[in-house]
Structures are given as C-alpha cells and as structure tokens.
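Below are my comments on the model you sent. They are set out as numbered points, to be read with the structure open.

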Amino acid sequence: MKGKVASMLSDLLSKELVQLDVDAADWEDAIRKAAQPLVDNKKITVGYVDDIIKGVHELGPYIVITEHVALPHARPESGALEPAIGITVLKTPVEFGSADNDPVKFLFPLAAKDSESHLGALQSLVELLSDPDFFVQLEAAKTAEEIVGLVNQKEGRL
C-alpha cells in the first residue's frame, strides 16, 4: 500500500493547505489564492495553476462540481508534484459562470500525480459534499486545525 493509493481525503490534506476568510476579486483570483498554499508547499507548480485557469477559459466552469463548490484541478503533467488537496473558504462567494451552482464559496484545489491514486480521496470528498452538516461546520470553523479535524472526524479517523 505504501505510496500507492491515498484512501482518504485526510491523507492529502494538511493544515498548511487550508485557508479561511479569503478575499477574492473574481473566479481567477479565487483559484490563484486557493492554489497558492499548494504552490508554497511544493505540491504543484505555478504552471499547474495557470493550466486550471486556461481550462476554465476553454471549457467553461467545469470545476464547479456542486452548489457553491469548486474543485480546481488540471492534468497531472501540467505540474502536479505531490498528491494534495486544499480547502479554501471565501469571505464573499464569487461567480464562476455556473448557472446551476454559482456563487462559489468553497474551493478544494486538487493535485493528482496520475488518474488513479486520488480516486479514494475524491470518493471521500463526494461523501463529505453530500453531507449538509459539513458545510455548516466548515463555515463555523475558525482555524485550519479545526477543518483538518473536521475532515478526520467525518472520515471516522478521530
């Protein structure tokens, strides 16, 4: 199992990748700010972030996966260095151009090294996103540690 599959979201999340009360001018700014901790912690390159934004320009807001939630990601070869996921809560939601799911308040920037290793973590994220309590608790959280603890708790790891 070593180095193979991240089975849970909490395997890819650390408090360094969590941000609360982030001000974003627009969707591009939101993506750049959400991804910055992943750049700072050597999980992705700046080119990876540029590719996320380029993808939205070319394909539309496909990264807005459910109401108020975006999953910014790009192809692994765009500059994913290590598997990781961040969590960013915006102070004020921003429009991404998704008719059904705007405005976006929560961003979960994802770095995947290949197309398989992060599937368990994505499955875990889907389960969290389908839990209405998760968003209430996410909004109420005051620290990055609280959010990491919340994810661990939701995954049954505490």
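**Notes on the model**

1. P103 lies in the loop between β5 and β6. The model is a predicted one. The peptide bond joining D102 to P103 is cis, with omega at about -10 degrees. As background, most peptide bonds are trans.

2. N101 is found in that loop between β5 and β6 as well. Its relative accessible area is 16%, so N101 is buried, the cut-off for buried being under 20%. The side chain of N101 reaches the backbone nitrogen of E67 at 3.2 Å. Leaving aside residues up to four places away in sequence, N101 touches V64, I65, T66, E67 and H68.

3. H68, one of the residues that N101 touches, sits in the loop between β2 and β3 (69–70). H68 is not a glycine, yet its phi is positive, about 70 degrees. For reference, most residues other than glycine have a negative phi. H68 is partly exposed because its relative accessible area is 29%, and that class lies between the 20% and 50% cut-offs.

4. What is the strand order of the open sheet? The five strands run β1-β5-β6-β3-β2, and the pairing is mixed. β1 and β2 (64–66) are the edge strands, each pairing on one side only.

5. Both senses of pairing can be followed at β5. Strand β5 (residues 87–94) pairs with strand β6 (residues 104–107) in the antiparallel sense, over three bridges. Within β6, F106 is the bridge partner of V89. β5 also pairs with β1, here in the parallel sense and over three bridges. V18 is the residue that stands opposite I87 in β5.

6. Is D21 buried or exposed? D21 is exposed because its relative accessible area is 54%, and the cut-off for exposed is over 50%. Like H68, which has a positive phi of about 70 degrees, D21 is a residue other than glycine with a positive phi, in this case about 60 degrees. I would list the two residues together in any table of backbone angles.7. Not counting residues up to four places away in sequence, D21 touches V89 and K91. V89 has its bridge partner, F106, in β6. D21 and K105 are 84 residues apart in sequence, while their C-alpha atoms are 9.8 Å apart in space.

7. The last point is the largest pocket. Its volume is about 280 Å³. The lining has 16 residues, and those nearest the pocket centre are Y62, H73, A74, R75 and S78. Helix α2 (residues 46–59) supplies five residues, the largest share of the lining. By residue class, the lining of the largest pocket divides into six nonpolar, five polar and five charged residues.

Technical notes
Residues numbered from 1 in each chain as written. Predicted model: local features only at pLDDT ≥ 70, side-chain atom pairs only at ≥ 80, totals over all residues. Heavy atoms only, no water. Buried < 20%, exposed > 50% of the residue type's maximum accessible area, 1.4 Å probe, protein only. Contact = heavy atoms within 4.5 Å. Pairing = 2+ DSSP bridges. Helix = DSSP H or I, 4+ residues; strand = E, 2+ residues; numbered from the N terminus. 1 Å grid on protein atoms, 1.4 Å probe; cavity = no way out; pocket = protein on both sides within 12 Å on 5 of 7 lines; lining within 4 Å. Points joined across faces, edges and corners; volume = space filled by probe spheres on them. Nonpolar A, V, L, I, M, F, W, Y, C, P; charged D, E, K, R; others polar. Polar contact = N/O pair within 3.5 Å; in protein donor to acceptor, adjacent residues only side chain to side chain.
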